[in-house]
Amino acid sequence: MRAARLIKMVLLLQSRPAMTAAELARELEVSERTVTRDAQALSEAGVPVYAERGRAGGYRLVGGYRTRLTGLARGEAEALFLSGVPGALREMGLEDAASAARLKVSAALLPSLRDASRTAAQRFHLDAPSWFREPETPELLPAVADAVWDDRRVAARYRRGEAEVVRELEPYGLVLKAGVWYLCARAAGGGSFRVYRIDRFTAVEAGGERFERDGDFDLPAFWAERAEQFARSILRAEVVVRLSAAGVRRLTYAVDAAAAREALEAAGAPDAEGWVTVTLAVESEDVAHEQLRLLGPEVEVLAPATLRGRFARDAGRLAGLYGG
């Protein structure tokens with residue numbers, strides 16, 4: 001534990017001209033007294049660290065000193081490529097590896113480039129979860145992530161409806177979609193790839209056996225294909241609606257964007273009032289009712305009759321509220 005902290009302290013000092021005891025204590029998550037003792041230990045071990053007093057003082061390394069501890073471990077290098085997604089790193093248990101990797105890279109850079117990580121962070125930040133929801137980290141995510149990184153088969157229990165199923169899986173990749181974690185995996189020994197929600201696993205145990213990855217598996221391409229299939233599979237119903245010009249512009253924001261584009265592309269010419277009639281694929285009548293209400297008076301439901309009746313009742317209630 002202390003050895004790792006001393007290495008991190010050297011890398012911090014190597015990547016910056018000087019750091020105060022308070023700054024080092026904050027970075028290393030220790031007290032300033034511990035920083036003083038660690039600096040003394042480094043000095044006794046031959047690392048040329050020294051302290052300068054005064055307002056511009058702090059801990060420094062003798063100019064030109066370079067540590068040989070900057071080689072990246074495999075896990076650190078892999079985590080570095082995910083360092084733009086800090087929340088995901090934290091949830092997978094890779095935050096420490098990414099922090100060590102960034103320090104090593106900073107220590108190896110020329111002095112003129114050492115502020116690159118800071119300037120990049122000031123200009124780009126990825127916030128993956130969707131609005132208006134508190135993201136929850138699945139309890140078993142770190143265990144699944146370890147198995148994915150290490151190509152280890154897992155024995156897993158998975159909730160499917162009211163029942164639980166037991167599966168032996170080869171975990172190929174993780175996907176974070178709108179704050180929800182998914183595992184792309186296939187059954188041990190081969191077969192087709194499937195997608196599992198991490199928060200539905202009730203138990204995951206990694207075995208000692210590694211599997212040989214299929215070199216042709218492309219995680220981004222697989223996810224894009226499955227996501228499109230899923231989006232289409234849930235659109236099991238159709239509704240017919242008339243849209244004003246404003247309704248046409250706003251349709252893609254109210255319902256599934258791909259379904260809206262397909263409906264508008266297949267629509268005929270506007271009628272004499274400038275309204276367009278479209279046949280729209282929807283998940284269900286209930287979902288269509290919720291979504292199309294967002295368009296207010298810019299949409300008229302023509303079919304099915306039951307959905308038109310629901311909108312007629314909505315209109316009656318609104319008239320009762322505002323008519324007087």
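1. How many bridges join E3 to E4, and in which sense do the two strands run? Seven bridges join them, and the strands run antiparallel; strands are DSSP runs of E with at least two residues, helices are runs of H or I with at least four, and both are numbered from the N terminus, while two strands count as paired if DSSP finds at least two bridges between them.

2. A word on the basis of this note: the model is predicted, with local features requiring pLDDT of at least 70 and side-chain atom pairs counting only at pLDDT 80 or more, whereas totals for chains, interfaces and linings use all residues. Residues are numbered from 1 along each chain as its sequence is written, and side-chain values use heavy atoms, with hydrogens and water left out.

3. The strands E3 and E4 belong to an open sheet of five strands, arranged in the order E6-E5-E4-E3-E7 with antiparallel pairing. Strand E6 (193-197) and strand E7 (201-210) form the edges, each pairing on one side only, and the twist from one strand to the next averages 45 degrees, where axes are lines fitted to C-alpha atoms (for helices over the stretch in contact) and angles run from 0 to 180 degrees between N-to-C directions.

4. Within the sheet, strand E4 (residues 163-177) pairs with strand E5 (residues 180-187) over eight bridges in the antiparallel sense. Leu 169 stands opposite Ala 187 in E5, and Val 154 stands opposite Leu 169 in E4; further along, the bridge partner of Leu 174 in E5 is Leu 183.

5. On a 1 Å grid over the protein atoms alone, a pocket is an open set of points where a 1.4 Å probe fits, with protein on both sides within 12 Å along at least five of seven lines, and lining residues have an atom within 4 Å of a point; points are joined across faces, edges and corners, and the volume is the space filled by probe spheres set on them. Of the 17 lining residues, Tyr 182, Val 195, Trp 223, Arg 226 and Phe 230 are the closest to the centre. H9 gives the most to this lining, with five residues.

6. The structure holds ten aromatic pairs, that is, rings of Phe, Tyr and Trp (its six-membered ring) with centres within 6.5 Å, counted as stacked with planes under 30 degrees apart, edge-to-face over 60 and tilted for the rest. The ring centres of Tyr 158 and Tyr 196 are 5.1 Å apart and their planes stand at 85 degrees, so this pair is edge-to-face. Because Tyr 158 lies in strand E3 and Tyr 196 in strand E6, the pair ties together parts that are 38 residues apart in sequence.
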